[in-house]
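Have a look at the model first, then read on.

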Amino acid sequence: MQPTSPATPRRRLYTEEQRARRDATRWTLVQAILAPLQFAVFAVSLGLVLWYLATGEGYTAATVSILLKTLILYTIMVTGAIWEKVVFGQYLFAPAFFWEDVFSFGVIALHTAYLWALFTGQPHGLQMGIALAAYATYVINAGQFLWKLRMARLDMEAAR
């Protein structure tokens, strides 16, 4: 089944001008590098967090991995906002990525809550629980962006 019927075509993700700006900016490459890096760090970190929760061992490794994941998240959010400004003319909440940006703020809020828990000396179990909640929202948000990547590819195929 097709996602849209001929009577109600799907709105394209990018105008021709936006696509040209997306393809010309170095920030597209930056995002293309940071996104899989963030996912790799997430996967390792998730394993370390789960290991700590299951065994009580490896708190320091889990903590360092969460800090690294959070640093990459903040970096990808800042560079993503710059990318969005270059491509769409506004730093955040461009119509094409509005809901992804909204959900990104939830992801950032939970990662920041983890930092609060860590730096205020909250119990380790609470810290790891917040990290897991942050990671769950990150997975949803990553799925949103993968869906947009797919839509962009479909747009390119349709344009040919």
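In this predicted model, α2 and α3 cross with a left-handed sense. Their contact is made up of 21 nonpolar residues, eight polar ones and one charged.

**α2 against α3**
- Helix α2 covers residues 26-55 and helix α3 covers residues 59-88, and their axes sit 8 Å apart at an angle of about 160°.
- Anything over 145 degrees counts as roughly antiparallel, so that's the label for α2 and α3.

**α1 against α3**
- Helix α1 (residues 16-24) also packs on α3: the axes come within 8 Å and cross at roughly 135°.
- That angle makes α1 and α3 oblique to each other.
- On the α1 side you'll find Gln 18, Arg 21 and Arg 22, which meet Trp 83, Val 86, Val 87 and Phe 88 of α3.
- Sorted by type, this contact has four nonpolar residues, one polar and two charged.

**The nonpolar cores**
- The largest core has 23 residues, and Ile 66, Tyr 114 and Met 128 are the ones touching the most other members.
- Two or more residues each come from α2, α3, α4 (98-119) and α5 (124-159), with α5 giving the most, seven.
- Leaving aside residues up to four places away in sequence, Ile 66 touches Ser 45, Val 49, Tyr 114, Met 128, Ala 131 and Tyr 135.
- Another core, of 10 residues, lies apart from the largest one, and its members include Leu 13, Val 87, Ala 96 and Ala 152.

Definitions and conventions. Residues are numbered from 1 along each chain as its sequence is written. This is a predicted model: local features need pLDDT of at least 70, side-chain atom pairs count only at pLDDT 80 or more; totals for chains, interfaces and linings use all residues. Side-chain values use heavy atoms; hydrogens and water are left out. Axes are lines fitted to C-alpha atoms, for helices over the stretch in contact, and angles run from 0 to 180 degrees between N-to-C directions. Helices (H or I, at least four residues) and strands (E, at least two) are DSSP runs, numbered from the N terminus. Angles under 35 degrees count as roughly parallel, over 145 as roughly antiparallel, 65 to 115 as roughly perpendicular and the rest as oblique. A crossing is left-handed if the near helix is turned anticlockwise from the far one by less than a right angle, and right-handed if clockwise. Ala, Val, Leu, Ile, Met, Phe, Trp, Tyr, Cys and Pro count as nonpolar, Asp, Glu, Lys and Arg as charged, and the others, Gly among them, as polar. A nonpolar core is a set of buried Ala, Val, Leu, Ile, Met, Phe, Trp, Tyr and Cys residues joined through side-chain atoms within 4.5 Å. Buried means under 20% relative accessible area, exposed over 50%, partly exposed in between (1.4 Å probe, protein chains only). Contact means heavy atoms within 4.5 Å.
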